[in-house]
Amino acid sequence: MPAEKLKLGVIGAGRVGTGLALGFAHAGYEVTAVASRSTASAQKLAQRISGARVCAPQEVADRADIVFLTVPDDAIEAVASSVKWRAGSACVHCSGAAELDTLKKAAADGALAGGFHPLHMFGDAGESPGALAGCAIALAGPHALVKKLERLARALDATPLRLPEGGRALYHAAANFSGAFAIALIQETIALWKKLGIAEADALAALLPLLRGTVDNVEKLGAAGGLGSAVARGDVGTLRRHLDVLAREAPESLELYRILSLRTIPLALAKGTLRQQTAKEITALLNFKKSIEDKK
C-alpha cells in the first residue's frame, strides 16, 4: 500500500500522541481516528485534525492501517491486548525502552508489531506540528513495516534510526543522559546558585546561553572538541577550589561533581588540551577527595 494512502490512528492523546498526530496530518497523512483514556484530550486533538474522529480503541484499530500506541510504557501491553487486531494492519508502540513482545497479542492476531520512538523532549501538547523536524526516531519491526515507518519518519523531517534487536532499553537509558539528566544538572546549578542568593529565573537567564553555546560547539566540533572546563584546561588549582567549596557548602553535590569530572578526562585527552601527567594528577585529586569523604 502506498504510504500516501495509509490511514493512521492514535491511541493516547497526551503530548506524544498529539505531537505525532499533528505532525502526520501536517505532512499530508490521513489521521482517521483518535482514542484516549481522557475523552476531553481525544476531542481536543481530533478538533485540530480534519476528518479525525474520537472513538474507542477497538474502532481505531478497525479504521486505521497503522495504529500508534502513545500510552505510558506500563500500559502498552494491556492496551494492545484489549483490542482485536486485523491481519495485515500494524500496531506500533512509541516507547523507547519496551521491546516488541509487549505487542504479542497484536502479533498473534496477525497484525505487524513495531516501534516508533521519537528522540524528542515533548513540550506542551499544542507545540508546532513541525516540532519533530531534525530529531531521530528509533524504529523496530519486520522489514515491510519498518520501510513504511521510515517513510513516516522522513515525512516528519525526522531521521530514522534502526536499533539492534534487544537494544531498546540500553538506547533509552543512555538517552536520558542527554535529556532528562541534563535538566537535572541544570537544576543542580540552580540549587547551588540559590545559596548565593541568585533567583531561579535569573539563574536560567544566565545558564541558557551557556547551554546553547555548548550544544553549538558540540555540533560544530564534536564532543571532545566542544569541551571547555577546568579539566580540559588542566587547571588543577581550580579543581581543588571547586572540591573544597563543595565539600564545605554543598556536600550533597560533591560526589556528582567528582564523577562527572572523572568522565571528562578522556574527552580532554582526546581534545589534546590535557597532558597525560596532568590527567594523572587530576585523577588522583578526585579519587583522594572521595577517599576523604568515605572516611567521614
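Of the 296 residues in the protein, 38% are buried in this predicted model. The fold comprises 13 helices and eight strands. Taken along the principal axes, the C-alpha atoms fill a box of roughly 65 × 40 × 40 Å.

A volume of about 310 Å³ was computed for the second largest pocket. Its lining consists of 17 residues, of which G12, S36, R37, V71 and P72 are the closest to the centre. By residue class, the lining of the second largest pocket contains nine nonpolar, six polar and two charged residues.

On the surface, a nonpolar patch is formed by L185, L256 and L260. Together, these three leucines present about 210 Å² of accessible area. One of them, L260, is located in helix 12, which spans residues 251-271. The relative accessibility of L260 is 37%. Because this value lies between the limits of 20% for buried and 50% for exposed residues, L260 is classed as partly exposed.

A backbone feature was found at D157, where phi is near 65°. This is a positive value in a residue other than glycine. D157 is placed in the loop that runs between helix 6 (143-155) and strand 8 (159-162). With a relative accessible area of 54%, D157 is exposed, since the class requires a value over 50%.

Terms used
Residues numbered from 1 in each chain as written. Predicted model: local features only at pLDDT ≥ 70, side-chain atom pairs only at ≥ 80, totals over all residues. Heavy atoms only, no water. Patch = residues over 30% accessible without salt bridge, like charges linked within 9 Å, V, L, I, M, F, W, Y side chains within 5 Å. Areas by Shrake-Rupley, 256 points an atom, 1.4 Å probe, with all protein chains shown as cover. Salt bridge = Lys/Arg side-chain N within 4 Å of Asp/Glu carboxyl O. Helix = DSSP H or I, 4+ residues; strand = E, 2+ residues; numbered from the N terminus. Buried < 20%, exposed > 50% of the residue type's maximum accessible area, 1.4 Å probe, protein only. 1 Å grid on protein atoms, 1.4 Å probe; cavity = no way out; pocket = protein on both sides within 12 Å on 5 of 7 lines; lining within 4 Å. Points joined across faces, edges and corners; volume = space filled by probe spheres on them. Nonpolar A, V, L, I, M, F, W, Y, C, P; charged D, E, K, R; others polar.
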